[in-house]
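Subject: Structure handover

Hello,

Here is the structure I promised to pass on. Please open it alongside this email.

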Amino acid sequence: MAHCIHFARKIARWLLPLAGCWCVPLSAAELQVRVMTPDGNPVEHAVVEILTQPPGPTPSGSPANAIMDQINKEFVGPVLAVAAGTLVEFPNSDDVHHHVYSFSDAKRFELPLYTGNIAAPVLFDTPGVVTLGCNIHDWMVGYIYVAGSSRFGLTDANGMVVLVDINPGEHRLTIWHNSLPAGQALPEHAVSVSATGTTGMELTLETRTLRTIRRAPLPGTRAY
């Protein structure tokens, strides 16, 4: 009996390292993209999407529902990037009514006058850019980029976005920014993603200044 127990322990010590190999996933490739203007300024709120990454689940930790809030009579963020098939909530954190709508081909919808969190979530299931407006405050403009692939992200104030869990190999990616003219073909770029470590690239995007006229008092004054 003692001999059998000793042999079983030896087998267990031999099998445990193999079990670890079976259970631990392979390290995922990572792509770091910085988007800059031709004169070297970072581009914030640009969407970078890997077109050749197949559709499927987004990386773990992504929320089930996305949120586009309304604060101080503006859409916050003002750009939201979601995967096709995502429900988006439109809470109204102001103390006045909003009437959110979109006439974009990718999603046409309307949320009649409401306050608070009573509006039902809206399903965004068609890839494309959705422009949001408010029927009461016509300077309010927001954008929802609906991605057809599972790997995309928004650049931060430094023009940087990091995309994780990328399939190593050759890829095509595209960039969208709300300053690009409507209907313009989005620029595409090729990138070779390494199977190990982080692949970095810097892209240049020509943007234009957007000017909006606020037609209501600022917070703390008479509002509508």
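Below is what I found in it, going from the whole chain to single residues.

**Confidence**

Please keep in mind that this is a predicted model. The mean pLDDT of the protein is 83. Of its residues, 76% reach 70 or more. Confidence is highest in β2, at 97. It is lowest in helix α1 (residues 2-23), where the mean is 41. The pLDDT stays below 50 over residues 2-26.

**Overall make-up**

The protein has 1 helix and 17 strands. Of its 224 residues, 38% are buried. Take the contacts with a separation of 6 or more: residues 24 or more positions apart account for 65% of them. The accessible surface comes to about 12,800 Å². Carbon and sulfur atoms hold 57% of that surface.

β1 and β17 run parallel and are joined by 7 bridges. Within that pair, Val-35 has Leu-203 of β17 as its bridge partner.

**The five-stranded sheet**

Another open sheet has 5 strands, ordered β6-β12-β11-β8-β9. β6 and β9 are the edge strands, and each pairs on one side only. The twist averages 25° from one strand to the next.

Two pairings in this sheet are worth a look. β8 (residues 98-104) pairs with β9 (residues 107-114) in the antiparallel sense, over 6 bridges. These two strands form a hairpin, with 2 residues between them. Tyr-101 stands opposite Glu-110 in β9. β8 also runs antiparallel to β11 (residues 128-134), and 2 bridges join them. There, the bridge partner of Val-100 is Cys-134 in β11.

**Tyr-145**

Tyr-145 lies in β12 (residues 141-147). Is Tyr-145 buried or exposed? Its relative accessible area is 6%, and the cut-off for buried is under 20%, so Tyr-145 counts as buried. Leaving out residues up to four places away in sequence, Tyr-145 touches Val-47, Glu-49, Leu-80, Ala-81, Val-82, Gly-128, Val-129, Thr-174, Trp-176 and Leu-186. With Glu-49 there is a polar contact, side chain to side chain, at 2.5 Å. Val-82 is 63 residues away from Tyr-145 in sequence. In space, their C-alpha atoms are 6.3 Å apart.

**Backbone points to check**

- Pro-78: the peptide bond from Gly-77 to Pro-78 is cis, with omega near 10°. Pro-78 is found in the loop between β5 (74-76) and β6 (79-83).
- Lys-73: phi is near 60°, a positive value in a residue other than glycine. Lys-73 sits in the loop between β4 (69-71) and β5.
- His-45: phi is positive, at about 65°, although this residue is not a glycine. His-45 lies in the loop between β1 (29-36) and β2 (47-50).

**Where to start**

I would open Tyr-145 with its polar contact to Glu-49. Then go to the cis bond at Gly-77 to Pro-78.

Best regards

Note on methods. Residues numbered from 1 in each chain as written. Predicted model: local features only at pLDDT ≥ 70, side-chain atom pairs only at ≥ 80, totals over all residues. Heavy atoms only, no water. Pairing = 2+ DSSP bridges. Helix = DSSP H or I, 4+ residues; strand = E, 2+ residues; numbered from the N terminus. Axes fitted to C-alpha atoms, helices over the stretch in contact; angles between N-to-C directions. Buried < 20%, exposed > 50% of the residue type's maximum accessible area, 1.4 Å probe, protein only. Contact = heavy atoms within 4.5 Å. Polar contact = N/O pair within 3.5 Å; in protein donor to acceptor, adjacent residues only side chain to side chain. pLDDT = per-residue confidence, 0-100. Areas by Shrake-Rupley, 256 points an atom, 1.4 Å probe, with all protein chains shown as cover.
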